[in-house]
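Q: Could you take a close look at the interface in this model and walk me through what holds across it? I'd like the cut-offs along the way.

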There are 2 protein chains.
Amino acid sequence: MSQGNIAVTDQAETPDPGKLAVCTVMEVVNRISGKWAIGILLEATRGPVRFTELERSVSGISRRMLTLTLRNLERDGLLERTVYPTVPPRVEYEATGMARELYESLSALVGWAERHREAIALARDSYDGRG
Amino acid sequence: MSQGNIAVTDQAETPDPGKLAVCTVMEVVNRISGKWAIGILLEATRGPVRFTELERSVSGISRRMLTLTLRNLERDGLLERTVYPTVPPRVEYEATGMARELYESLSALVGWAERHREAIALARDSYDGRG
DNA sequence: CGGAATCCCCCACGATACTG
DNA sequence: CAGTATCGTGGGGGATTCCG
């Protein structure tokens, strides 16, 4: 994805700061746009959390998706995974500083959504009503 | 999606502001998480833009996806569609005030991505290298 | 407890037409 | 010019089973 927008900046005409911003936004949006990443990130921001705790607190998630999403977040450096070699095994996940900063950066978006939630709902009703 | 997190707030225990924020974030992220929405929104933020102009400036997009994404953005009240009943037809799209505010709200995310891009790349290399 | 492996489904998206 | 219609595909995600 984003082949066009990114490739264009190679050595072509003026790098166009606008296009660059688009790529940057898509980068971060794609990173958290999965169905579960944001919820997991939030739980892990509260403090160290175990696999099974996440399975319970992130309601609706399957073991498979929990594992996959945790791996991706860990890979991006947003979660730190700690294994305690006890028996039974104990694994804890915690948000990194980067992830906490990300969560703060999202507050602007939350503000926007709250300010315009009603307007969006009205726009949809209007659009769906008249076509 | 988000069945769990939203449904839980019906009349259950304390509404948990954290979970509510998760839903709000996912709301807005999902709204712009398509492959083309952000790029289209940017072009339409510069000023009124025609269908064919978008087809050229948003590189790689197909007519079909352009139409679908435009419809969704219009439905959410992020784009305004103006039809000039001339021949040949002329249709212009422009970002609404809401959309412009959204773009400003995204700047925090851009800042985050720029600050941590290198750290993320390193985290990935490290993760992929060692497994 | 904390996963990995397998199977299946759905839908966002791409390609390729046709049209007022 | 600005769309619609139709068909096909890939991968994100669900359900289930097995494992150290």
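A: Across the interface of chain A and chain B, 16 residue pairs are in polar contact, both residues at pLDDT 80 or more; a polar contact here is a pair of N or O atoms within 3.5 Å, where within protein one must be able to donate a hydrogen and the other to accept it, and residues adjacent in sequence count only if both atoms are side-chain atoms. On the chain A side, the elements giving two or more residues are helix H1 (3-7), helix H2 (17-32), helix H3 (37-46), helix H5 (63-75), helix H6 (97-105) and helix H7 (107-130). Helices (H or I, at least four residues) and strands (E, at least two) are DSSP runs numbered from the N terminus. H7(A) gives the most to that side, with 15 residues. By type, the side of chain A that touches chain B splits into 23 nonpolar, 13 polar and 17 charged residues, with Ala, Val, Leu, Ile, Met, Phe, Trp, Tyr, Cys and Pro taken as nonpolar, Asp, Glu, Lys and Arg as charged, and the others, Gly among them, as polar.

A word on ground rules: this is a predicted model, so local features need pLDDT of at least 70 and side-chain atom pairs count only at pLDDT 80 or more, while totals for chains, interfaces and linings use all residues. Residues are numbered from 1 along each chain as its sequence is written, chains are lettered from A and ligands numbered from 1 in the order in which they are written, and side-chain values use heavy atoms, with hydrogens and water left out.

Now the extent. 53 residues of chain A are in contact with 53 residues of chain B, contact meaning heavy atoms within 4.5 Å. The two chains bury about 5,000 Å² between them, 63% of it on carbon and sulfur atoms; buried area is the accessible area (1.4 Å probe) that two parts lose on being put together, summed over both. In chain A, A:Arg75, A:Leu109 and A:Trp112 lose the most area to chain B, together 15% of what that side buries.

Then the charges. A:Glu101 and B:Arg115 pair at 3.2 Å, N to O, running from helix H6 of chain A to helix H7 of chain B. A:Glu101 is partly exposed at 29% relative accessibility, whereas B:Arg115 counts as exposed at 52%; buried means under 20% relative accessible area, exposed over 50%, and partly exposed in between (1.4 Å probe, protein chains only).

B:Arg117 and A:Glu27 meet at 3.1 Å, N to O. B:Arg117 sits in helix H7 of chain B and A:Glu27 in helix H2 of chain A, so this pair joins two chains. B:Arg117 is partly exposed at 35%, and A:Glu27 is partly exposed at 25%.

B:Asp76 and A:Arg124 come to 2.7 Å, N to O, going from the loop between H5 and strand S2 (79-84) of chain B to helix H7 of chain A. B:Asp76 is buried at 6% relative accessible area, while A:Arg124 is partly exposed at 29%. Finally, A:Arg31, A:Asp76 and B:Arg124 are linked in a network of salt bridges.

How values were computed: A salt bridge is a side-chain nitrogen of Lys or Arg within 4 Å of a carboxyl oxygen of Asp or Glu.
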